[in-house]
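Hi,

Here is the structure I said I would pass on. Have a look at it first, and my notes follow below.

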Amino acid sequence: MATPRRSARLAAQRTTTTTMETPLAAAPPRKVRNPRREFHHSENQAMATKYVALHQVVLVDAGPGTGKSSQIPRLLHAAGHGRVVCSQTYRLAAVLAATRAAADMRAELGRQVGYSVPLDDRSSDADTVVKYITYGALLRELAAEPLLTCYGAVVVDDAHDGMTLTGVVLSCVKATAARRLDLRVVVCLNHYSTLCKGVAHGFFSGSGMDVKELWFRTYSGLIDQHYLPEPVTDYLGAAVDAVCRIHSTEPPGDLLVFLPGCTDVEAAEHALNGQEEKGFPYAWNPANKMADVNALAGVILTLKALGIIGAGGDDVVASFDFFEPPHPESIHWTVRTLKAAGALSQDGEATETGRRIAREISGRYY
């Protein structure tokens, strides 16, 4: 016969087990099965080449794994647009895309196809015709040569990622294309980025540029799309919880999570690494919600250090043609914080400390 103490302990164990085994509420996944359409196919290559020849700016709407990064730059070069530069979000993406493009072109990596990332440059000014670089490297080239006269086409990949730096790259490329009518710009987006695609179209066409959208249905196989039943404020915690739940309840497979910035990605990676032996759920630290402000501070400091944004305070920063303009209050507090940290002078110029911090940020992320 169970004692009262033992009965209470068993009841507590049953309650804990039930709570941990109950999955979080979520909308049922939507399953999509679509035929695969890649840029390796000749008809798709001809379509992309035709659109770029007729329009200065082309928005390519295609899913991951279709060859946007590896195929479109070489197609532009083969079509006679000269030297092509393709910007990637991170160093690893630039290196992998260059390696794949070199294999497809049967070229030696570092000669006809090359890449330039922080602390690693495998490209040749004389031989490289397709070059992959990070966003930070492209900004440095724009600061040195605003017209990008050495390139005939620019490809901005993963323009839907929502990072402030991505919007700045689009702004600078737009300014260059407005001054060089012969420059071709290809902006690669994702199927999920319907809102971003509309914003990008208006962003370029608002300056009188000829913009055309090129849409590809690209998903193949069975794709499970999981949605939350309602909006959440703790998006990072909800994303980590969803990954843990899917990992423990669904069959083996791959998960792809989109997060606003690199700080969120690192926080999610740290949280998931810590959950391998501790179980679920995961409680996210609300302090990480400052990730957007931190990202804006890094971008503004980088632009100040490169001279793309000149001296001045909030009004000078706000006058920059941002792809998605930050809130004026965010700009005010960001500039105020940079001045308090000694990264900006009282006149709004980058100090030696600010330039050193900008180099560290660029070397780590961009």
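Leaving out neighbours within four places in sequence, Gln56 is in contact (heavy atoms within 4.5 Å) with Ala177, Arg180, Leu181, Leu183, Arg184, Val185, Met209 and Asp210. Before you read too much into that: this is a predicted model, where local features need pLDDT of at least 70, side-chain atom pairs count only at pLDDT 80 or more, and totals for chains, interfaces and linings use all residues. Numbering runs from 1 along each chain as its sequence is written, and side-chain values use heavy atoms, with hydrogens and water left out.

Back to Gln56, which sits in the loop between helix H2 (42-54) and strand S2 (57-61). Helices (H or I, at least four residues) and strands (E, at least two) are DSSP runs, numbered from the N terminus. Gln56 counts as buried because its relative accessibility is 10%; the classes are buried under 20% relative accessible area, exposed over 50% and partly exposed in between, with a 1.4 Å probe and protein chains only. Its side chain reaches the backbone oxygen of Arg180 at 3.1 Å, and a polar atom of the Gln56 side chain also lies 3.4 Å from the backbone oxygen of Leu183.

Lys174 is another one to click on. This lysine lies in helix H6 (residues 164-179) and is buried too, at 9% relative accessibility. Not counting residues up to four places away in sequence, Lys174 touches Phe203, Phe204, Ser207, Met209 and Asp321. Lys174 and Val57 are 117 residues apart in sequence, yet their C-alpha atoms are 9.3 Å apart in space.

Two residues have a positive phi although they are not glycines: Arg106, at about 55 degrees, and Leu148, at about 50 degrees. As background, most residues other than glycine have a negative phi. Arg106 is in the loop between helix H4 (91-105) and strand S4 (113-117), and Leu148 is in the loop between helix H5 (135-144) and strand S7 (153-156). Arg106 is exposed, with a relative accessible area of 79%, whereas Leu148 is buried at 1%.

A cavity here is a set of points, on a 1 Å grid over the protein atoms alone, where a 1.4 Å probe fits but cannot get out, and lining residues have an atom within 4 Å of a point. The largest cavity holds about 70 Å³; grid points are joined across faces, edges and corners, and the volume is the space filled by probe spheres set on the points. Its lining includes Ala48, Thr49, Val58, Ile72, Val186 and Leu214. H2, S2 and helix H3 (68-78) each supply at least two of the lining residues. The lining divides into nine nonpolar, one polar and no charged residues, counting Ala, Val, Leu, Ile, Met, Phe, Trp, Tyr, Cys and Pro as nonpolar, Asp, Glu, Lys and Arg as charged, and the others, Gly among them, as polar.

On cysteines, there are zero disulfides (pairs of cysteine sulfur atoms within 2.5 Å) in the structure. Cys150 is partly exposed, with a relative accessible area of 39%, while Cys172 is buried at 8%.

Finally, the overall numbers. The protein has 13 helices and ten strands, and 45% of its 366 residues count as buried. Among contacts with a separation of 6 or more, 72% are between residues 24 or more positions apart.

Cheers

Conventions. Polar contact = N/O pair within 3.5 Å; in protein donor to acceptor, adjacent residues only side chain to side chain. 1 Å grid on protein atoms, 1.4 Å probe; cavity = no way out; pocket = protein on both sides within 12 Å on 5 of 7 lines; lining within 4 Å.
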